[in-house]
Amino acid sequence: MSPPSCRHTWLQPERRFGVVVVGVGRAGSVRIRDLRNTHASSAYLNLIGFVSRRELGSADGVPQISLEDALSSQEVEVAYICSESSSHEDYIRQFLNAGKHVLVEYPMTLSWVAAKELWALAEQKGKVLHEEHVELLMEEFAFLKKEVVGKDLLKGSLLFTAGPLEEERFGFPAFSGISRLTWLVSLFGELSLVSATLEERKEDQYMKMTVCLETEHKSPLTWIEEKAPGLKRNRHLSFHFKSGSLENMPNVGVNKNIFLKDQNIFVQKLLGQFSEEELAAEKKRILHCLWLAGEIQKHCRSKK
C-alpha cells in the first residue's frame, strides 16, 4: 500500500467515530497519545475511554470504562486492541459481534484458522478489521524495498536478537516475530517452508528459532530469532543478488510517528478509500504470514 500522505487529502470530517483503546501498555499508550493530539486522521476519531484489566480509573485524563460498557455503548464504534497477543482473538470476536470496527496490533491471532474466521465475521458484519504492521512503515523497510526492487535474489538471511518474551502472552516465536516474516514476504513474495528448528534452554531464558524458507524461484532465505537476557534488540540482514550484495542496514533515519501512519491507513479504510484489490492483497499477505508462522510452530514442536 502506498504511504497515506501520497494518496490522501484530509477533509473536514462530517462525523467522528467513537474509539475505545483496549490495553494501555506501550502500544496502547502511544495510540491514546495520537488520538488526543491534533493530527489529520485523529479529527475523524473521538477517544471515549480505555479498557484495562488493571484498575486505573483514568490515564492522562482519559476515563477507564468496563469491557461490557465498551461493547454495549452506541457511542463506541471502533476498538483499538492493544492487549497481549494471546487475548487478541477473543477481543476481536467480541467487538466484531458487537458491531464495532477493529484495529489490532500484530499478530492479529495466534492461529491462521482463527484469523480466517475473524475476517469472515468482519465481512459478514460489514466492519473494518485492520491488523497494524508498523514495521512496513519504517524508514528501514522503505530503504530495503527500494534496494530490492527488480533484483534477482540468490540467497538471504535475517537474524533478529532481543530479550526474552513470555510465550503464554505473546505466542510462539514465529508469531511474536511475525513482523520479520512480514518483511521477508513483502520484499520477496510468498515463501514456502523448508525446515524449522527451535533450541531452548528454559533455565537460562534462552531461545533460538532457525527457519529455512525459499522464494517461488527457489532462492533460500534463512530467518533466525534469538532471545536471551541481555541480548540487544537488533536486526542483522544479508541479501545476495546477481547484481551485488546488501549487508546490514545503513542508518536511514528515525522512525517518526509510525503508529500514527498506521492510524491514517485505518481511517482511510473506515472512509472507504482503499480499493477492493488493495484490501484483498493485504489480507492475502497477512494470512500467508500467519499460515507460515503456524507451519513453523508445527515443525518445531514435532521435533520435541
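At what angle do the axes of helix 6 (residues 139-148) and helix 9 (residues 178-188) cross, and within what distance do they come? The tour of this predicted model begins there.

Residues are numbered from 1 along each chain as its sequence is written, and side-chain values use heavy atoms, with hydrogens and water left out. Because the model is predicted, local features need pLDDT of at least 70 and side-chain atom pairs count only at pLDDT 80 or more, while totals for chains, interfaces and linings use all residues.

**Helix 6 and helix 9**

Select residues 139-148 and 178-188. Their axes come within 10 Å and cross at roughly 30 degrees. Axes here are lines fitted to C-alpha atoms, for helices over the stretch in contact, and angles run from 0 to 180 degrees between N-to-C directions. Helices (H or I, at least four residues) and strands (E, at least two) are DSSP runs, numbered from the N terminus. Helix 6 and helix 9 are therefore roughly parallel to each other; angles under 35 degrees count as roughly parallel, over 145 as roughly antiparallel, 65 to 115 as roughly perpendicular and the rest as oblique. The crossing is right-handed, meaning that the near helix is turned clockwise from the far one by less than a right angle.

Next, display the side chains of E140, F141, L144, K145 and V148 on helix 6, and of W183, S186, L187 and F188 on helix 9, which make the contact. Contact means heavy atoms within 4.5 Å. By class, these residues are six nonpolar, one polar and two charged. Ala, Val, Leu, Ile, Met, Phe, Trp, Tyr, Cys and Pro count as nonpolar, Asp, Glu, Lys and Arg as charged, and the others, Gly among them, as polar.

Remain on helix 9 and select S179. At 3% relative accessibility, S179 counts as buried; buried means under 20% relative accessible area, exposed over 50%, and partly exposed in between (1.4 Å probe, protein chains only). Leaving aside residues up to four places away in sequence, S179 touches Y106 and E135.

Proceed to Y106, which is joined to P107 by a cis peptide bond with omega of about -10 degrees. P107 is found in the loop between strand 6 (101-104) and helix 5 (112-125).

**Helix 2 and helix 10**

Select residues 26-36 and 258-270. Helix 2 and helix 10 pack at an angle of about 65 degrees, with their axes 10 Å apart. That makes helix 2 roughly perpendicular to helix 10. Their crossing is right-handed. On helix 2 the contact is made by R26, A27, V30, R31, D34 and L35, and on helix 10 by F259, L260, D262 and Q263. Five of these residues are nonpolar, one is polar and four are charged.

**Two positive phi values**

In the loop between strand 13 (244-247) and helix 10, select N257. Its phi is near 55 degrees, a positive value in a residue other than glycine. N257 counts as partly exposed, at 40% relative accessibility.

K218 lies in the loop between strand 10 (206-214) and strand 11 (220-227). Phi of K218 is also positive, near 65 degrees, and K218 counts as exposed at 57% relative accessibility.

**The nonpolar core**

Finally, select Y80, F95, L129, M209 and F239, the residues with the most contacts inside the largest nonpolar core, which has 88 residues. Such a core is a set of buried Ala, Val, Leu, Ile, Met, Phe, Trp, Tyr and Cys residues joined through side-chain atoms within 4.5 Å. Helix 11 (residues 276-302) gives the most to this core, with eight residues.
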